[in-house]
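Colleague: Before I rely on any label in this model, I want to hear the cut-off behind it. Please set each value against its definition.

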Amino acid sequence: MIVGADLRAARRDAGLSLGQLAARTGVSAGHLSRVERGDREVTPSLVLHYQTALGPAATALAALLDSDSGAPEKGTVDDMKRRGLLSVIAAASMGVAAGEPVTRLLDGLAGDLPTRVGLPEVHAVEAAADLYMRMDLARGGDAAIAMARGTLEWAVKLHDRPMAEPTRERLSSAVGLLADRLGWATYDQGRAERAARILTFALDSAARGADRDLRAHTMLDLSVTLTDLGSPRDGVEILRLALGDERISSAERANLHAVAARHCATAGDRAAGLRHIGLAEEALGRAEPALAPDWAHHITVAPGHHDSALGLALFQLGEDARARDHLTAALGRLGESRTRTGLRCLIRLAVLRVREGDRDAGAEQARRAVALAAEVRSTRVAGDLRMMVDGVRACGMTDLARELARSLPPSDRPAVRPVTATPESASLA
């Protein structure tokens with residue numbers, strides 16, 4: 001296992017000061033110093049940061065990694081795949097693409113192609129991404145995914161054609177956005193490992209473009225996916241890297257902090273989660289939506305988005321009163337274009353009403369959520385429905401819990417009451 005002293009020795013062998021290394025990696029010198037002293041843990045992505053920054057001088061670190069015989073824990077991403085994902089993530093967080101042909105990062109992708117790529121082709125990819133976001137945010141579904149994948153196959157092949165560098169940069173951002181949305185939809189269908197591969201491709205493509213918010217948002221999506229795959233420490237580290245970029249907009253920064261708060265709640269670090277809630281609210285206080293990229297007006301700058309993100313996090317942190325306020329505000333602003341997000345808010349409001357003793361209102365909202373969810377395909381919403389049934393049952397409303405459970409599709413019904421595992425300890429302080 002690599003420890004802080006190994007990182008310090010490699011840095012000194014390369015003749016770099018902490019300040020110089022911080023400038024190359026985008027990680028603060030203070031954090032690097034604490035890691036090298038042993039006050040903070042050495043994470044895989046940080047080791048990859050050192051390897052990328054030190055270049056040939058990092059051979060000792062590579063040898064130590066090769067000598068690590070520990071097998072990955074059951075249920076986690078395969079170790080070699082995991083390292084490959086983290087390598088791309090670490091490089092992209094510094095604005096560096098993976099250094100290999102972009103087509104190799106997305107297996108299986110092979111219309112007619114123009115002799116030379118210009119703005120009309122880029123506009124076509126951007127328009128496809130915009131259309132797909134509208135389709136997917138409303139209800140998702142296989143038709144939207146098939147459309148996005150077909151466009152992505154064509155767009156990826158454009159990379160091999162000649163074009164001006166400004167055109168290539170803009171194309172990279174457009175491809176990165178389309179791939180990010182496709183990866184997130186794949187995750188929402190319950191295929192987390194496949195989603196991680198698509199999102200890693202999206203991040204590498206975004207690193208070739210100029211949109212810093214897109215890089216950060218793709219890293220956010222990857223953090224959620226890798227945490228779900230059994231690597232919560234990696235998910236935490238990815239968010240640290242994303243938050244270390246001072247060039248992202250305040251709207252995206254607020255989004256990152258809200259999701260960081262949820263990760264902290266999952267990891268059992270409530271105090272750190274509440275600190276991230278405060279940082280999200282602080283970022284929203286200086287948000288300038290006009291500076292956000294166009295795609296963000298569908299997502300992070302869309303009405304109700306930040307209220308929903310904060311409401312979900314506060315619910316998970318056990319801050320019921322504050323969660324109710326944000327979730328209620330989100331439902332009032334989201335509109336019909338954010339069906340799944342609205343459902344997730346409604347489900348939590350139903351649980352909160354029941355907890356507070358307003359059983360009639362809670363039962364009405366719970367029944368409404370089940371009825372609306374019948375037309376939505378989403379593993380996240382399905383998991384939320386199971387959580388709602390358990391929450392209603394825990395409050396003593398067993399008849400309502402049975403009624404709701406019978407209304408769910410067979411695959412979504414909670415067969416037995418789940419046992420809550422103790423989450424892996426992590427901190428995003």
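Colleague: What does the secondary structure of the protein chain come to?

Modeller: The protein chain has 20 helices and 0 strands. Helices are DSSP runs of H or I with at least four residues, strands are runs of E with at least two, and both are numbered from the N terminus. This is a predicted model, in which local features need pLDDT of at least 70 and side-chain atom pairs count only at pLDDT 80 or more, while totals for chains, interfaces and linings use all residues. Residues are numbered from 1 along each chain as its sequence is written, and side-chain values use heavy atoms, with hydrogens and water left out.

Colleague: What share of the residues in the protein chain is buried?

Modeller: Of the 429 residues, 54% are buried. Buried means under 20% relative accessible area, exposed means over 50%, and partly exposed lies in between, with a 1.4 Å probe and protein chains only. The accessible surface of the protein chain is about 18,600 Å², and carbon and sulfur atoms account for 51% of that surface. Such areas come from the Shrake-Rupley method with a 1.4 Å probe; for residues, only the protein chains shown count as cover.

Colleague: Why is Ala313 called buried?

Modeller: Ala313 has 0% relative accessibility, so it counts as buried. This residue sits in helix α15.

Colleague: Why does Leu274 get the label partly exposed?

Modeller: Leu274 has a relative accessible area of 25%, and is therefore partly exposed. Leu274 belongs to helix α14. Its C-alpha is separated by 7.7 Å from that of Leu317, 43 residues away along the chain.

Colleague: What makes the contact of Arg340 with Asp188 a salt bridge?

Modeller: The term needs a side-chain nitrogen of Lys or Arg within 4 Å of a carboxyl oxygen of Asp or Glu. For Arg340 and Asp188 the closest N and O atoms are 2.8 Å apart, which meets the cut-off. Arg340 counts as buried because its relative accessibility is 8%. Asp188 is buried too, because its value is 2%.

Colleague: How many salt bridges does the structure hold?

Modeller: There are 26. One of them joins Arg37 and Asp39, with the closest N and O atoms at 3.0 Å. Another joins Asp390 and Arg393 at 2.9 Å, N to O.

Colleague: Where do Asp390 and Arg393 lie?

Modeller: Both are in helix α19 (residues 379-394), 3 residues apart, which is about one turn of the helix. An α-helix has 3.6 residues a turn, so residues three or four places apart point the same way. Asp390 is buried because its relative accessible area is 12%, whereas Arg393 is partly exposed because its relative accessibility is 26%. Elsewhere, salt bridges that share partners join Arg270, Glu281, Glu319 and Arg322 into one network.

Colleague: What makes a set of residues the largest nonpolar core, and how many residues has it?

Modeller: A nonpolar core is a set of buried Ala, Val, Leu, Ile, Met, Phe, Trp, Tyr and Cys residues joined through side-chain atoms within 4.5 Å. The largest has 42 residues, and those with the most contacts inside it are Ile277, Leu327, Leu385, Met388, Val392 and Leu404. Elements giving two or more residues to this core include α14 (270-285), α16 (320-334) and α20 (398-407). The most comes from α17, with 9 residues.

Colleague: What is the volume of the largest cavity, and how do you know that it is a cavity?

Modeller: The volume is about 400 Å³. On a 1 Å grid over the protein atoms alone, a cavity is a set of points where a 1.4 Å probe fits but cannot get out; lining residues have an atom within 4 Å of a point. Grid points are joined across faces, edges and corners, and the volume is the space filled by probe spheres set on them. The lining has 21 residues, and Trp184, His305, Arg338, Thr341 and Arg380 lie nearest the centre.

Colleague: Why is Thr341 called buried?

Modeller: Thr341 has a relative accessible area of 18%, so it is buried. Thr341 is in helix α17, and its C-alpha is 8.4 Å from that of His305, 36 residues away in sequence.

Terms used. On a 1 Å grid over the protein atoms alone, a cavity is a set of points where a 1.4 Å probe fits but cannot get out, and a pocket is an open set with protein on both sides within 12 Å along at least five of seven lines; lining residues have an atom within 4 Å of a point.
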